[in-house]
Amino acid sequence: MCGIVGYIGEKNSLPILIEGLRRLEYRGYDSAGVALIQDKKLVLYKQAGKVQELARQIEGQQIFASLGVGHTRWATHGEPNDVNAHPHGDCNEEIAVIHNGIIENFATLKRKLERDGHIMRTDTDTEVLAHLIEHFYKTNKDLFLSTRLALLEVQGTYGLLVISKKEPDKIIAARKGSPLMLGVGKNENFVASDAAALIDHTRDVIYLNDDEIVSVSQNSYFIKTIHDKEIIKEVEKLTFDLEEIEKGGFDHFMLKEIHEQPESIRNSIRGRLLVDEGRVKLGGLERALDKLLQAPRVLITACGTSWHAALVGKYMFEQLARIPVEVDYASEFRYRNPIVRSDDVLLVISQSGETADTLAALREAKSKGATVFGMVNVVGSTIARETDAGVFIHAGPEIGVASTKAFTSQLAVLSLIAILLGRHRGMPEDQAKTLVEDLASMPSKIQKVLKNVDQIKIIAEELKNAKNVLFLGRGINFPTALEGALKLKEISYIHAEGYPAAEMKHGPIALIDENMPVIFIVPKDAIYEKVLSNMQEVRARKGRIIAIANEDDDEVEKLAEFIIKVPRTYSYFGPIVNVIPLQLLAYYIAVARGCNVDQPRNLAKSVTVE
């Protein structure tokens, strides 16, 4: 969750660190700090709040340090304040540590270290690492070895950078459960938790795996496991451009990413959706496709928005391919001792490819002999490397904390897989061709919705002071309702709930009065009339009805106070189009309420801790 960046080279590290932290701030923004080796001294600056607060603290000071590390925090242990901000030091202020993750046995380690005379100054678990490394350094006077020995004592997860004024020519980095990569430059090297901090400086990267530790100098590096086995790794290339992580004239990253969805979906289906042939080709699945086709059932696990995509995938797989599907929250999957057989297939979905709970579910299923497929956005991520096969969604970098384009790209890729499986399992050729053609039309249909935001802005002004909002949909659009509610909660802080429309009668209807906005997703599909009946029930109780309806729908105008029209599409792909106005509505409501859209409170983009 936290953002990490380190630099060693010929340049002044501080501007590189500050800019890197700005790029990483979507990973956490409770506090920020840097540690520098300046004139053979260890210098720390840290500040509660956003990176700009840290930059103000340092502004005007004469600093040149060719080695430094920086951190932007999402708090786990200890409240967000100046003291608990990273970096953390040892007793003698010779060693500095920054850390993403959770040290699960920190209390035990802390008690032992305090008995040995170490004085702790913060409430964090991370500080224990600095003192533990200090403990080993007293004996062997080697920062790499001391860090490696310390990590053998640690239970938990970490993306870790360590520096010391005693060894001012190196950064030690280690990874277990939290992403970390080495950026290889000319007469300089970098370490970061995310490529966004590196893309300005180098495209050559090495992805660290769990239990790996690296010593980084200006012109060299070497990698071992924490168990002292040497490793040789290949340098890989970053494939995205700097422009993709800039706002490009939009007020917020979220708005930019909403408007990027026609292109992100084109990228998701390009080369995979063969419209002229009426079929789908997914090279990433080919080496294990037989396992998927022969599986008695498919398990899908994910978190948050990706879990909503998984629910849509369940509808598509079962309807188009007739494969039984179970969907689990990844955070619950392994803790209920799931029944996983060797002929089962698990599909894990994660935008970042680093989601801690999803990664744990992946490993649980593999330990039981199942074949695991992955669907991620980030090339080189842990899930991409550990699955048996998979598909990248190619949505491009997503900086806004509230996911938008990753969700619709996940739906597009799930649609591709469903059509592919369906075709192999007896779907008629003419049906496949119809589906392929309709899926190919999604970018233009989304573009049409994006051109019609004036009505959405009007509705946002009407709803900006609401205390509660109910989102209702049926069938494949029930997950769309869940996703619409989540977006509103995440960025506007208005309490919202998504429900199957028919379930409203089993409890939520008690909430409905003239002050309750109820947003219906009501496309003209097989259960259209049923949803109209649910709308009548809300109308009878004076609820304020907002409808997401098809362009050719006249009936809904008799029931709804506000209507947002969307193009009609094949029912299986309806959520791809229907979620767009819900994203825009959440965005404009949040803006009207003065909320920080890109960095909503208490949230971070990538959840790499349990």
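A cavity is a set of grid points where a 1.4 Å probe fits but cannot get out. In this predicted model, five cavities of 30 Å³ or more are present, and the largest cavity holds about 80 Å³ of space. The model also contains an open sheet of eight strands, on which helix 2 packs.

**The sheet**
- The eight strands of the open sheet follow the order 3-2-4-1-10-9-11-15, and their pairing is antiparallel.
- Strand 3 (41-48) and strand 15 (236-237) stand at the edges with a single partner strand each, so one side of each has no neighbour in the sheet.
- Four bridges join strand 9 (residues 181-184) to strand 10 (residues 188-192) in the antiparallel sense.
- Within this pair, G183 stands opposite F190 of strand 10.

**Helices and the sheet**
- Helix 1 (residues 13-24) lies across strand 1 (3-9), strand 2 (31-38), strand 4 (67-73) and strand 10.
- The direction of helix 1 is at about 160 degrees to strand 1.
- Helix 2 (residues 51-58) packs on the sheet and touches strand 2, strand 3 and strand 4.
- The direction of helix 2 makes about 130 degrees with that of strand 3.

**The largest cavity**
- The residues lining the largest cavity include N477, P523, K524, D525 and N550.
- Also among them are P567, R568, T569, Y570, S571, G574 and N578.
- Sorted by class, this lining consists of three nonpolar, six polar and three charged residues.

How values were computed: Residues are numbered from 1 along each chain as its sequence is written. This is a predicted model: local features need pLDDT of at least 70, side-chain atom pairs count only at pLDDT 80 or more; totals for chains, interfaces and linings use all residues. Side-chain values use heavy atoms; hydrogens and water are left out. Two strands pair if DSSP finds at least two bridges between them. Helices (H or I, at least four residues) and strands (E, at least two) are DSSP runs, numbered from the N terminus. Contact means heavy atoms within 4.5 Å. Axes are lines fitted to C-alpha atoms, for helices over the stretch in contact, and angles run from 0 to 180 degrees between N-to-C directions. On a 1 Å grid over the protein atoms alone, a cavity is a set of points where a 1.4 Å probe fits but cannot get out, and a pocket is an open set with protein on both sides within 12 Å along at least five of seven lines; lining residues have an atom within 4 Å of a point. Grid points are joined across faces, edges and corners, and a volume is the space filled by probe spheres set on the points. Ala, Val, Leu, Ile, Met, Phe, Trp, Tyr, Cys and Pro count as nonpolar, Asp, Glu, Lys and Arg as charged, and the others, Gly among them, as polar.
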